[in-house]
Amino acid sequence: MDTHCDTPELRQDLSSPHIDILELLLGKLTECRRGSLKRCKERSLQEAFKLLKERVRLESLERSQLLSLVKLLVAVQMEAVNIPVLCRKLDQMVQFIGEMNSDIVYEEIHQHINTLIHSDQIMSIGDLQLVSMFLESSTLGLGILRREIHCLLAKVAEVFVSSQEDNVLRNEGLCYQAVKVCLQIFQLLPKEVSSMVFGTEQANPVLTSILGFLMDIILGWSVNKDTRLLAGTAVAMLINTAPEEKVGRMAAWSLLQFTRPEPWKLTLGELQVECHCRTKDRWERLALSRGLLTACRKDILALPYLDPNRTCLLLDMFPVVSALCEESLEDHYYAFQVFTLWLKCLKECQPSTWEMGNVPLLGQGSSLQRQVIEIIWKNAQSPIEGITDSARNALCLFLEMYELDCQHHGDVDRVLYLEMLHRSIELPWETKAKYLFLCVLLPYFGSEVVLKSYFEFPAHLLKCLSTNQLSSCASEFYKLLIQELRKELCKKQASPPSEFELASTWSKYWQETLLEALTSDVKLLQTNAVSHLLPWTLRTFPSAPMMLLDFLDPTSQGHLKAWTCIMSTHRATCGESFWISKESHAFKTLQNALTCHDDGVRLAAFNLLCCSSKSKEMPNELEFSAMRQFIPLNLNSEAPPFRQQFYSAVKKFLCRVRDTCLAIVLKTKSKMGFSPEDENTLCKGVEFVDWVAELAFHYLNPGSKYQRKKTVLLLLSAVLETCSDTWSPEKKKGQPPANISNLITWARSKGGWDFFSKSKQLALINCLEDMTNELS
């Protein structure tokens with residue numbers, strides 16, 4: 001479908017007293033159309049909407065002008081068919097204009113929809129995508145399609161018919177899009193669909209045909225698994241249109257007959273279709289079970305039968321769900337996902353299950369409890385990615401339901417918790433599920449009971465930190481343990497304990513373990529301890545650094561690295577620096593670390609110098625002085641990791657300088673001038689940035705060492721990325737502030753920040769002629 005809208009013609013139509021604003025608006029919309037990156041399109045569209053709301057006087061526009069603007073907006077919306085966030089924003093703009101003149105907007109959208117659903121041609125995948133967009137992202141489009149629902153369903157049925165006629169050359173993408181449109185129709189137009197399915201009139205032949213096609217797809221006609229899963233959801237959404245729970249349950253029960261190997265008749269209200277499996281891959285069970293659990297209304301799933309010997313549809317589904325998990329499906333992840341969805345639905349419907357009997361559904365010794373636990377346990381150590389984490393979520397849901405069951409039926413023993421705790425502890429230390437399950441069980445016991453039962457955990461934690469795939473889950477268990485410990489300590493005493501008292505209790509359990517990790521010769525163990533353990537320790541127990549630092553010897557290289565890591569984490573977490581003068585013990589230790597022969601120690605110290613929890617904290621004189629000493633002495637490293645971390649640290653420091661200076665400029669923008677203190681701070685910041693830039697350019701001469709050139713080019717990149725007015729659409733983070741130009745203007749007025757002079761451009765061009773061209 002042609003959605004092209006010629007912008008020059010629009011500009012010709014839009015001749016008005018507000019031509020400049022309209023030109024700007026059209027320019028932003030054109031930018032959105034031509035932009036290749038989603039972020040660029042979003043930015044242009046946001047600016048266009050702002051102009052439309054605040055500066056364009058729609059009431060002063062002639063009809064032809066307004067029509068041209070609407071045409072462009074709808075054209076952009078149709079071109080952005082696969083970017084929902086843009087379509088919704090454009091719909092808001094179209095609605096905004098519609099408040100002024102609804103007839104023009106209606107006529108334009110109605111014309112496009114008429115072209116789609118009243119054409120003699122079978123819909124293409126692009127046509128279906130447009131219908132999908134009008135259904136989901138166009139308020140007016142949805143209203144028009146509601147009135148045209150019979151024509152729309154007929155056009156979708158045509159797509160299915162044409163696909164089945166040429167089974168060999170079937171277009172799976174077209175089939176998927178047609179199923180998606182069906183799902184949207186059932187979901188967004190339920191009243192209209194309900195009258196065709198569950199009304200008293202004769203069954204709608206088009207909808208019967210569509211239901212038959214959807215079931216064929218589920219039962220193996222389509223080879224695309226995503227299409228089959230989507231079709232399962234669509235059929236479940238069709239059941240949702242039932243006006244009464246009993247009617248919906250009957251339809252869902254009919255759908256559950258898919259377990260039969262022989263052909264069977266599906267009855268949904270007035271619709272009836274013959275079904276038979278085309279494959280033996282069992283994906284039809286997965287698609288239909290997942291569809292019911294994902295989309296079907298909970299009041300339908302949990303509605304009790306009249307027969308006292310039966311419970312509800314949701315519980316009737318368990319044998320199917322259980323069988324899926326036990327079978328060796330090619331995609332076992334989806335099978336276990338269905339089991340997790342079933343547990344989630346059961347939890348949401350749990351109050352309804354209590355009305356079906358006096359016996360706890362998941363009580364001690366019940367068959368359902370035993371089967372659920374075994375499914376979780378069998379999948380806990382699955383080698384398939386993602387299933388172990390899903391098993392944790394399943395256990396969490398199960399224990400929450402078990403707790404509610406016990407409360408409701410007055411079961412005070414709750415022996416299952418202790419059984420699960422011992423079973424988890426008995427797992428080998430290298431099992432990921434061990435720590436994930438203990439995280440779930442911890443709240444039911446408390447940190448003291450768990451640590452006494454699992455006294456090997458500190459030793460196991462060190463082993464896990466030396467193994468990448470286990471470091472995250474074991475560290476999470478440590479984090480939850482110490483958080484629980486703090487809660488327990490605060491509850492025990494009548495008056496709140498001091499931070500020193502809290503940290504002292506923590507140190508009895510964990511100080512030795514943490515120090516061993518931080519001073520270890522095993523780099524991975526040390527790195528993971530710094531990344532995973534230190535931050536949570538310091539957030540939970542702010543006084544813990546003092547406990548740790550007292551046991552460190554700053555003259556030892558290994559202890560010096562640990563000292564810098566603790567101090568860096570503390571500063572990033574709490575925002576405090578420990579040096580107030582050159583004579584302070586902390587600053588002397590920092591200087592020792594900055595001049596250490598070991599690259600790792602120097603980098604750790606440099607990061608400590610550069611980091612801060614506050615982005616607008618101007619470095620003090622000691623920090624500026626240390627930076628001026630450190631940077632020139634560390635330009636010759638031959639190690640790429642060192643250079644990259646060096647660059648990142650410098651960039652952090654420059655961001656602190658820039659953000660502090662920019663805040664001062666913006667704060668005083670409306671005033672007559674700067675205070676002497678503010679101007680002094682600004683001058684220091686601008687001067688330091690210039691110093692870094694000049695240092696970089698100084699070493700770009702042809703005679704400079706290759707490694708030094710590579711490092712200073714990274715330095716220069718840090719300056720330009722931080723302190724120049726450049727916006728890179730491909731970057732999600734690290735962009736300069738939108739109002740950076742205010743600071744740049746001030747800096748240039750003082751003769752600074754001239755990063756693009758002719759001599760400096762020539763220095764960069766010279767780099768293209770030697771071996772540093774890969775960085776230039």
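**One serine and its surroundings**

Tutor: Ser162 lies in helix H9 (residues 149-165); helices (H or I, at least four residues) and strands (E, at least two) are DSSP runs, numbered from the N terminus. This is a predicted model, in which local features need pLDDT of at least 70, side-chain atom pairs count only at pLDDT 80 or more, and totals for chains, interfaces and linings use all residues. Residues are numbered from 1 along each chain as its sequence is written, and side-chain values use heavy atoms, with hydrogens and water left out.

With a relative accessible area of 22%, Ser162 is partly exposed; buried means under 20%, exposed over 50%, and partly exposed in between (1.4 Å probe, protein chains only). The side chain of Ser162 reaches the backbone oxygen of Val159 at 2.8 Å.

Next, the nonpolar core. A nonpolar core is a set of buried Ala, Val, Leu, Ile, Met, Phe, Trp, Tyr and Cys residues joined through side-chain atoms within 4.5 Å. The largest one has 264 residues, and Phe160 and Phe339 are among those that touch the most other members. Helix H35 (residues 640-667) gives the most to this core, with twelve residues. Beyond four places in sequence, Phe339 is in contact with residues including Phe318, Val372 and Ala394, where contact means heavy atoms within 4.5 Å.

Turning to charged pairs, the structure holds 27 salt bridges, each a side-chain nitrogen of Lys or Arg within 4 Å of a carboxyl oxygen of Asp or Glu. Glu448 forms one with Lys452, at 3.4 Å between the closest N and O atoms; both residues lie in helix H25 (residues 447-453), four residues apart. Glu448 also meets Lys492 in a salt bridge, at 3.6 Å. Lys492 lies in helix H27 (residues 468-492) and Glu448 in helix H25, so this pair ties together parts that are 44 residues apart in sequence. Glu448 is partly exposed at 34% relative accessibility, and Lys492 is exposed at 59%.

Finally, confidence: pLDDT is the predictor's confidence in each residue, from 0 to 100. Its mean over the protein chain is 86, and 91% of the residues reach 70 or more. Over residues 1-10 the pLDDT is below 50. Where pLDDT is low, the predicted coordinates should not be read in detail.

Key. Polar contact = N/O pair within 3.5 Å; in protein donor to acceptor, adjacent residues only side chain to side chain.
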